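The sequence and the structure come before the notes.

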Amino acid sequence: MRVSRRRGRVRLQFLPTEALVLAAFFDEIAESIEADALAGDDPVRMRLFPAAYPNDADADDEYRSFTESGLRAERSARAQACSEQLRRGADVTLADGEGERWLQALNDLRLALGTRLDITEDEPDLDPSEPDFHERSAYYWLTALQDSLVRALMD
């Protein structure tokens with residue numbers, strides 16, 4: 001993966017395998033969000049759609065009834081758009097506004113994966129002998145991609 005900025009345009013260059021894996025991640029999260037496949041008490045759903053009124057279940061249910069469907073559609077559409085760009089090629093040049101969409105979609109991926117892995121701020125170093133080594137490696141790769149994109153957008 002390489003993220004660069006030239007003449008005001010951000011360019012994301014992936015190895016073909018990286019592009020395929022990232023597109024699959026985007027597809028998976030888009031499908032689970034759009035289809036409302038996450039149970040109400042699923043930790044990923046709770047992380048992606050936190051309670052607006054944590055101390056008032058009735059108010060929170062009412063708020064969700066008005067907002068969550070739209071938020072699910074937005075999140076799913078962002079992930080799908082990123083996946084479509086990757087499926088057209090491993091070299092992606094972002095047009096105006098697409099950088100923000102990519103950051104939001106990457107953040108959703110990281111939140112979902114980090115929640116599933118129970119990642120905290122005080123994470124130990126990666127250990128190849130751990131059963132979730134590959135998933136944790138993917139999380140850290142997504143983190144590096146997001147950080148590189150933020151830096152490129154700030155230049």
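**Entry 1**

I began with Asp108, which at 4% relative accessibility counts as buried. I note here that the model is a predicted one. The cut-off matters for this reading: a residue is called buried when its relative accessible area is under 20%.

I then asked which side chain meets Asp108 in a salt bridge. The partner is Arg75, with 3.0 Å from N to O. Arg75 is buried as well, at a relative accessible area of 16%. Arg75 belongs to helix H3 and Asp108 to helix H4, so this pair ties together parts that lie 33 residues apart in sequence.

**Entry 1: the H3 and H4 packing**

I next looked up how the two helices are placed. Helix H3 covers residues 57–88 and helix H4 residues 98–116; they pack at an angle of about 110°, and their axes are 9 Å apart. The range for roughly perpendicular is 65 to 115 degrees, and H3 and H4 are therefore roughly perpendicular to each other.

I listed the residues that make the contact. H3 contributes Arg75, Arg78, Ala79, Ala81, Cys82, Gln85 and Leu86. From H4 come Glu98, Arg101, Trp102, Gln104, Ala105 and Asp108. Sorted by class, the contact of H3 with H4 holds 6 nonpolar, 2 polar and 5 charged residues.

I also examined Arg78, which is placed in helix H3. Is Arg78 buried or exposed? Arg78 is buried, with a relative accessible area of 15%. Leaving aside residues up to four places away in sequence, I found that Arg78 touches Arg101, Gln104, Ala105 and Asp108.

How many salt bridges does the structure hold? The structure holds 13.

I looked up Arg9 and found a salt bridge with Asp96, in which the closest N and O atoms are 3.4 Å apart. Arg9 sits in strand E2 and Asp96 in the loop between E3 and H4, so the pair ties together parts 87 residues apart in sequence. Arg9 is partly exposed, at 37% relative accessible area, whereas Asp96 is exposed, at 70%.

I then took Asp91, which forms a salt bridge with Arg11; the closest N and O atoms are 2.4 Å apart. This pair links distant parts of the chain, with Asp91 in strand E3 and Arg11 in strand E2, 80 residues apart. Asp91 is partly exposed, with a relative accessible area of 40%, and Arg11 counts as partly exposed at 32%.

I recorded one network of salt bridges, which links Arg45, Asp60, Arg64, Glu68 and Arg72.

**Entry 2: helix H5**

I closed with helix H5, residues 133–154. H5 has 22 residues and reaches 32 Å from its first C-alpha to its last, close to the 32 Å expected at 1.5 Å a residue.

Which residues of H5 are buried? They are Arg136, Ala138, Tyr139, Leu142, Leu145, Gln146, Leu149 and Ala152. I then traced what these buried residues pack against: strand E1 (2–6), strand E2 (9–13), helix H1 (16–34), strand E3 (91–94) and H4.

How values were computed: Residues numbered from 1 in each chain as written. Heavy atoms only, no water. Axes fitted to C-alpha atoms, helices over the stretch in contact; angles between N-to-C directions. Helix = DSSP H or I, 4+ residues; strand = E, 2+ residues; numbered from the N terminus. Parallel < 35°, antiparallel > 145°, perpendicular 65-115°, else oblique. Contact = heavy atoms within 4.5 Å. Nonpolar A, V, L, I, M, F, W, Y, C, P; charged D, E, K, R; others polar. Expected span 1.5 Å × (residues − 1). Buried < 20%, exposed > 50% of the residue type's maximum accessible area, 1.4 Å probe, protein only. Salt bridge = Lys/Arg side-chain N within 4 Å of Asp/Glu carboxyl O.
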